[in-house]
Amino acid sequence: ELKYECPLSKEELGHSTWNFLHTVAAFYPENPSEKDKEYAYALINSIAHLYPCVYCSNHLKNYIENNPLDLRSSKTFSLWLCRLHNSVNKFLKKPLFNCSKVLERWKYGSKECQKATKLNLN
Ligand code: FAD
């Protein structure tokens, strides 16, 4: 059976982008160099400008203006992203995520996750 690979929907692109961003933030250094901070700042601002869904990128631009990026550590970067994601969740009437669990979700994983895969990044 022939299977077509199709361009992404807004949901698929959003899901992939969040997976990528939360993982990058979770594995960002605990003590970043000035260069690390520059790259992370450039990444988030580039996404805000290039993201191919106009109202999504406007959401991100407005959020950055009102909530300056906090790149002092993986914890502060992850929390900043978690709150940004929750502001989108709230707008879309999706459940809010408990940000105290953000590194468990994106870096360490539950006991079940640790058993289930040997392919994780840790
Ligand atoms: P997603 O919201 O994509 O989440 C993926 C996974 O992240 C979840 O399974 C969950 O485990 C985890 N997660 C959920 N919340 C958090 C959190 N706060 N912190 C950490 N982890 C969390 N869509 C629109 O229709 N309108 C918009 O205006 C819009 N704006 C967007 C702006 C940006 C910057 C991005 C990246 C996406 C935007 N989207 C928007 C897409 C939308 O956020 C979702 O990605 C999409 O609806 C698919 O949702 P999902 O249920 O697959 O889970």
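1. UniProt positions are given here in the numbering used for this chain, feature names are shortened, and annotations may be inferred rather than shown by experiment. With that in mind, the UniProt record, an unreviewed entry, places "domain: ERV/ALR sulfhydryl oxidase" at residues 6-106. The model itself is predicted.

2. Residues 6-106 are 69% helix and 0% strand.

3. Next, the core. The largest nonpolar core has 10 residues. They are Ala 25, Ala 26, Tyr 28, Leu 71, Phe 77, Trp 80, Leu 81, Cys 82, Val 102 and Trp 106. At least two residues each come from helix H1 (10-26), helix H4 (74-91) and helix H5 (102-108). H4 gives the largest share, four residues. In soluble globular proteins, nonpolar side chains tend to be buried together.

4. What does Leu 81 touch, leaving out residues up to four places away in sequence? Its contacts are Leu 21, His 22 and Ala 25. Leu 81 and Ala 25 are both members of the core in point 3.

5. Now the ligand. There are 20 residues around it, and Gly 14, Cys 56, Cys 82, His 85 and Phe 97 come nearest. H1, helix H3 (54-66), H4 and H5 each give two or more residues to this shell. H1 supplies the largest share, seven residues.

6. How does the shell around the ligand divide by class? Nine residues are nonpolar, eight are polar and three are charged.

7. One residue links the two topics. Cys 82 belongs to the largest nonpolar core, and Cys 82 is also among the residues that come nearest to the ligand.

Key
Residues numbered from 1 in each chain as written. Predicted model: local features only at pLDDT ≥ 70, side-chain atom pairs only at ≥ 80, totals over all residues. Core = buried A, V, L, I, M, F, W, Y, C linked by C-beta atoms within 7 Å. Buried ≥ 20, exposed ≤ 12 C-beta atoms within 10 Å, placed from the backbone. Contact = placed C-beta atoms within 7 Å. Near = placed C-beta within 6 Å. Nonpolar A, V, L, I, M, F, W, Y, C, P; charged D, E, K, R; others polar.
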